[in-house]
Amino acid sequence: MVELRDRRLLIDGKPTLVFAGEIHYFRLKRSEWEDRVRKLKLLGANAVATYVPWLVHEPREGEFDVTGRLRPENDLGAFIDLCHEQGLWFLPRPGPFIMAEVKNEGIPYWVYRNYPETVPITWDGEKARSKTLDYLAPSFLAAAERWYRAVMPLIAARLEPKGGPVIGVQLDNEIGMLSWVNNQPDLTETFLCDFSAWLAGRYDTDALKGRYPFDLYDPIPRAKAVRSPQESYAAALHRDLGDYQRVRFARYIAALRGFAEAQGVTGVPFIVNIHGTGGGRGRTYPIGIQQLAASYTQDEGYLPGSDHYLGELTRENAPDLYLEVNAFTAASARTGQPISSMEFEVGTGDYGETGAVRQSGASADFKVRLSLMQGNRLLNYYLLAGGTNPPLLDPVGDGNDRVAFTGQRHGFAAPISPEGWLDPTYHGLQATTLAMVAIADKLADMDEEHDPVAVGYLPDYYKTDYHRPGVMESIVRGVEWVREPMITTARAMLFNGFRFPAVDLQTGELDAKAHPALVVAAARYMDRSAQDRLARYVAEGGRLLLVGEFPYADMEARRCVVLADALGVRPKGFVAEAPYSYPSLRGTAWAVGQPEVRVWRCQTFEDHPGAFMRVVGTDDPTGIEIARGKGKAIVFAGNYPCHLRFFRTMLQRLDLVPGLRCDASYGGVVTTSVRNRAGERFVTVLNLDPVEKELALTEASKPLFDAEPIVMAARSARTIPLNVAFPNARVVYATTDILAVEVKELRFKGTGQAERIVLETAHKVTVENAEARKDGGLIRIRTKPHAGTVVVRFG
């Protein structure tokens with residue numbers, strides 16, 4: 001039985017971490033399957049994941065091949081069985097859409113040819129430019145159900161509850177992504193009929209008439225009015241379309257789940273893959289979250305899986321992974337629902353085979369460690385092994401007549417090349433995976449520790465996937481810009497040592513006891529209900545840091561000053577840079593020591609006695625400290641640089657001090673920790689910078705590691721055990737990674753520095769590459785500089 005409970009993934013009742021690797025069986029010769037699977041296993045992975053392309057298995061309508069009738073490589077059951085024989089779990093991803101550079105995103109050509117009504121109509125009556133389809137078109141759903149009837153019985157026979165290796169099934173892939181990146185919502189007649197019915201259920205008749213000045217039940221004027229909206233109702237339509245589209249995606253996922261369950265796929269999670277990163281950043285990733293949260297929270301048994309391509313993890317994008325990917329995904333999940341990553345980028349990053357890109361070993365190492373610390377229970381290394389794109393059964397004359405558009409070879413950036421060679425990134429990934437596997441039984445039952453502060457997640461701010469020129473675009477641009485001050489603030493928090501979750505500000509009530517302090521990046525637009533929640537939160541004792549802009553309108557651009565009235569502030573205007581104009585801010589009151597700083601944008605307020613930051617020249621406040629009710633708020637409406645001392649002082653004004661700190665004066669270090677119910681812990685430290693750093697770590701103002709610093713090599717990471725019990729010893733602490741846990745042996749990583757290991761054990765101890773001494777009931781071990789793996793044996 002595979003269960004999702006208490007933010008854990010349980011297999012036969014045991015909390016488990018799954019390290020999967022993506023291998024595309026259909027892109028390999030059948031004779032190559034075992035070689036690639038064995039290389040995955042040597043990496044340390046315990047599962048294989050693969051897309052199952054409909055395009056390949058039903059090239060002609062009604063002519064299925066999932067047993068190798070047309071090509072030996074189409075025998076899906078044989079590939080699953082091979083993985084099982086190797087002692088590996090299995091994660092099939094049978095679409096219908098799979099992307100993966102497959103033509104039509106994995107949809108057979110005959111679907112478009114035989115069922116043209118499934119091709120979406122969008123803005124101004126145009127046909128969609130991408131290969132997306134109307135997910136709920138009856139003819140598409142019927143074809144998808146037939147596909148599931150062909151492929152799901154093979155999967156159902158091999159489920160883990162039946163003794164097989166299948167521990168989860170992904171439904172479709174990156175739903176909504178194609179329409180978002182093209183700004184082309186699905187506006188087919190089927191969609192518009194459903195949309196009208198949904199509106200009738202959401203608003204009463206009079207409200208609906210006031211909202212839309214056309215007949216929602218007359219197809220011709222309705223189609224024109226929605227596809228080419230007028231400004232008078234465009235803001236309302238923007239909001240309603242966004243909300244309804246999420247409902248529609250959820251209905252599609254529920255339909256696919258029903259098709260799978262009808263074929264016997266039960267007792268394992270259904271995975272929903274969330275898209276959204278771009279250009280090595282995570283700023284747009286929450287668009288995917290808000291598109292699909294209703295899909296993976298609509299019922300039990302769903303597992304949200306992130307899909308991220310961030311490249312090297314650096315000072316710039318480490319906060320993106322921490323906040324926008326991991327924390328926001330967790331905040332959007334159901335209570336007790338764990339998170340995962342179904343496309344966890346590995347390899348060189350040279351997707352265009354230009355020779356201009358090569359990611360380092362630190363790229364995957366940092367991301368693996370941070371994601372595990374933040375509660376990811378499944379990581380699927382994508383793409384682990386490259387291969388060859390087979391020819392289409394029926395040529396289409398498109399220049400290569402293969403199943404994918406990348407040419408003959410595919411996955412040339414993967415750690416295992418199309419030819420089966422091991423790229424240097426394989427060995428770095430192997431080292432990371434084996435180190436995490438060594439402590440996986442512990443990590444699988446641990447949760448991240450947090451300081452008493454959370455960052456607010458506002459789904460409305462990511463309904464930016466569809467818009468038209470005019471008020472729609474104004475709203476979208478208005479909320480998009482706030483992503484910069486949000487990430488700057490998150491970066492300052494991480495580099496100052498804070499560990500924090502995110503909390504959904506649009507679902508449920510905010511509890512000041514559960515979240516004593518909140519950091520919220522706001523725009524001028526904020527829904528009335530969200531403003532009201534924040535106002536009550538402060539009045540009831542919450543401490544609020546609001547950065548970005550102060551809201552004075554709702555999400556339909558109507559005046560709304562609920563929060564302004566509650567906090568007693570009056571927004572006045574905006575100051576922005578222009579040619580030969582350099583707006584600057586100066587500190588006053590407690591911020592008087594801050595240097596004058598140039599900004600490119602800020603919001604001003606009417607004068608206020610709590611002002612601590614003012615615009616040079618006008619003296620208008622742009623930062624205000626406010627006491628209200630039982631609580632307190634700091635409002636800072638500008639894109640201020642990442643001055644760590646300034647942000648640390650602002651947070652201290654809200655009585656916030658990080659529990660776990662290091663003395664990295666200039667930032668560039670991320671620390672976080674996990675704990676289980678027994679009090680066992682691991683602390684992960686990432687040195688993001690290309691320079692060696694000597695760090696002193698403290699917790700609750702007390703020094704760790706007997707007050708000795710640790711030396712972190714340039715761009716390195718380690719996961720440090722604290723009070724962790726193993727069969728023959730309790731590791732009081734070790735300043736380096738555990739590499740292996742054996743019956744009578746522990747192995748630790750040699751870093752080139754003199755590391756310290758402190759054990760409590762009743763056994764006789766011998767060591768290699770280190771010196772040991774007894775200290776009362778403890779064994780103190782100091783590794784030899786420049787030594788290799790440290791081996792501790794118990795007699």
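How close do the axes of helix H17 and helix H20 come, and at what angle do they cross? The axes of H17 (residues 483-495) and H20 (residues 644-653) come within 9 Å and cross at roughly 85°. The answer belongs to a predicted model, in which local features need pLDDT of at least 70, side-chain atom pairs count only at pLDDT 80 or more, and totals for chains, interfaces and linings use all residues. Residues are numbered from 1 along each chain as its sequence is written, and side-chain values use heavy atoms, without hydrogens and water.

## H17 and H20

Helices (H or I, at least four residues) and strands (E, at least two) are DSSP runs, numbered from the N terminus. Axes are lines fitted to C-alpha atoms, for helices over the stretch in contact, and angles run from 0 to 180 degrees between N-to-C directions. H17 and H20 are therefore roughly perpendicular to each other. That label covers 65 to 115 degrees; under 35 is roughly parallel, over 145 roughly antiparallel, and the rest oblique.

Contact means heavy atoms within 4.5 Å. H17 brings Thr488, Thr489, Ala492, Met493 and Phe495. H20 answers with Leu644, Phe647 and Leu651. By class, the contact of H17 with H20 has 6 nonpolar, 2 polar and no charged residues. Here Ala, Val, Leu, Ile, Met, Phe, Trp, Tyr, Cys and Pro count as nonpolar, Asp, Glu, Lys and Arg as charged, and the others, Gly among them, as polar.

## The parallel sheet

An open sheet of 8 strands runs in the order S6-S5-S4-S11-S10-S9-S8-S7, with parallel pairing. Strands S6 (89-93) and S7 (169-170) stand at the edges with a single partner strand each, so one side of each has no neighbour in the sheet. Two strands pair if DSSP finds at least two bridges between them. S9 (residues 302-308) and S10 (residues 339-345) pair in the parallel sense over 4 bridges. Asp307 stands opposite Glu343 in S10.

Helix H1 (residues 33-43) packs on this sheet. H1 touches strands S4 (18-23), S5 (47-51) and S11 (376-385), and its direction makes about 150° with that of S4. Helix H11 (residues 285-297) lies across S8 (270-274) and S9, running at about 155° to S8.

## H1 meets H14

H1 also packs with H14, at an angle of about 50° and with axes 8 Å apart. The two helices are therefore oblique to each other. H1 contributes Lys39, Leu42 and Leu43, while H14 contributes Tyr426, Leu429, Gln430, Thr433 and Leu434. These residues divide into 5 nonpolar, 2 polar and 1 charged.

## The antiparallel sheet

A second open sheet has 3 strands in the order S1-S2-S3, with antiparallel pairing. S1 and S2 (residues 8-11) pair over 4 bridges. Arg5 stands opposite Arg8 in S2.

## Two buried residues

Asp75 lies in the loop between helix H2 (54-57) and helix H3 (76-85). Asp75 is buried, with a relative accessible area of 16%. Buried means under 20%, exposed over 50%, partly exposed in between (1.4 Å probe, protein chains only). The side chain of Asp75 makes a polar contact with that of Arg30 (3.4 Å). Beyond neighbours within four places in sequence, Asp75 is in contact with Arg30, Trp33, Val66, Thr67 and Gly68. A polar contact is a pair of N or O atoms within 3.5 Å; within protein, one must be able to donate a hydrogen and the other to accept it, and residues adjacent in sequence count only if both atoms are side-chain atoms.

Ala435 is found in H14 (residues 424-438). Ala435 counts as buried at 3% relative accessibility. Leaving aside neighbours within four places in sequence, Ala435 is in contact with Ile738 and Leu739.
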